[in-house]
Amino acid sequence: MMHGVIREVCALSVFCGLAMSIMPEGSVKRVAGVLCTAALLITVLTPLRDFDMDSYALLLAKYKEEEAALTARGEEINERLNRLVIEQEYEAYIMDKAAEKNVAVKEAEVEAQWSTEGLWVPYTAEISSDAPPSQRAMLTEAIKTDLGIPEERITWKCDE
């Protein structure tokens, strides 16, 4: 629809320009200028007469709802990705700390929780290890001190 209107305006502009260029100076040229202007205005304004404002309003409302839903979904995905990255960082920290203390750890899983300060903080830790209880206690103390996860939220999985 819009392409047709643009083509009509362009064609009419070219026609009016040609007509004005071959017109003799004087009152005939002024009248032709007024007629060309009127024709261009009518060509531009005619599609507005057929424009359905109710459909446009509904379509606009639909697009605004879709925008809000997509924005919310994007924020949710971003938040989830941030949480996953932060959890992986904490897991890597536990693995590094275990290697530093010579504790054999197969895997560490950390669950982060949103804090009142607006940050992801480590909430629970699950560690897979066959290490003796003394080494587990040493790593548990390091996790408790460095990450702030209380001992009751640190779970040890053993393959024994």
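In this predicted model, serine 128 touches Val105, Lys106, Glu107 and Lys157, with residues up to four places away in sequence left out of the count; contact here means heavy atoms within 4.5 Å. Serine 128 is placed in strand β2, where helices (H or I, at least four residues) and strands (E, at least two) are DSSP runs numbered from the N terminus. At 10% relative accessibility, serine 128 counts as buried; the term buried stands for under 20% relative accessible area, exposed for over 50%, and partly exposed for values in between, with a 1.4 Å probe and protein chains only. Opposite serine 128 stands lysine 157 in β3.

Residues are numbered from 1 along each chain as its sequence is written, and local features need pLDDT of at least 70, side-chain atom pairs count only at pLDDT 80 or more, and totals for chains, interfaces and linings use all residues. Side-chain values use heavy atoms, with hydrogens and water left out.

The strands form an open sheet of three, in the order β1-β2-β3 and with mixed pairing; two strands pair if DSSP finds at least two bridges between them. In general, strands of a sheet pair through backbone hydrogen bonds, either parallel or antiparallel. The edge strands are β1 and β3, each of which pairs on one side only. On average, and with direction ignored, neighbouring strands of this sheet are turned by 20° against each other; axes are lines fitted to C-alpha atoms, for helices over the stretch in contact, and angles run from 0 to 180 degrees between N-to-C directions.

Strands β1 and β2 run antiparallel and are joined by nine bridges. They form a hairpin with five residues between them, and glycine 118 in the turn has a positive phi of about 85°. Alanine 108 stands opposite isoleucine 127 in β2, and glutamine 113 stands opposite valine 121 in β2. Strands β2 and β3, in turn, run parallel and are joined by four bridges. The bridge partner of isoleucine 127 in β3 is tryptophan 156.

Helix α4 lies across β1, β2 and β3 and runs at about 150° to β3. Threonine 140 belongs to helix α4 and is buried, with a relative accessible area of 7%. Beyond its neighbours within four places in sequence, threonine 140 is in contact with Glu151, Ile154 and Trp156. Leucine 139 touches Ile94, Lys97, Ala98, Val103, Val105 and Trp156, again not counting residues up to four places away in sequence.

The largest nonpolar core has 16 residues, of which Ile94, Ile127, Leu139, Ile143 and Ile154 touch the most other members. At least two residues of this core come from each of α3 (53–100), β1 (105–114), β2 (120–129), α4 (133–147) and β3 (154–157). A nonpolar core is a set of buried Ala, Val, Leu, Ile, Met, Phe, Trp, Tyr and Cys residues joined through side-chain atoms within 4.5 Å. In soluble globular proteins, nonpolar side chains tend to be buried together.

The protein chain as a whole has four helices and three strands, which run α-α-α-β-β-α-β from the N terminus on. Its C-alpha trace spans about 105 × 35 × 30 Å along the principal axes. The radius of gyration of the protein chain is 36 Å, whereas a compact globule of 160 residues would have one near 15 Å; this radius is taken over C-alpha atoms, and the globule rule is 2.2 Å times the number of residues to the power 0.38. Of the 160 residues, 24% count as buried. Among contacts between residues at least 6 apart in sequence, 54% join residues at least 24 apart. The accessible surface of the protein chain comes to about 11500 Å², of which 61% belongs to carbon and sulfur atoms; accessible areas come from the Shrake-Rupley method with a 1.4 Å probe, and for residues only the protein chains shown count as cover.
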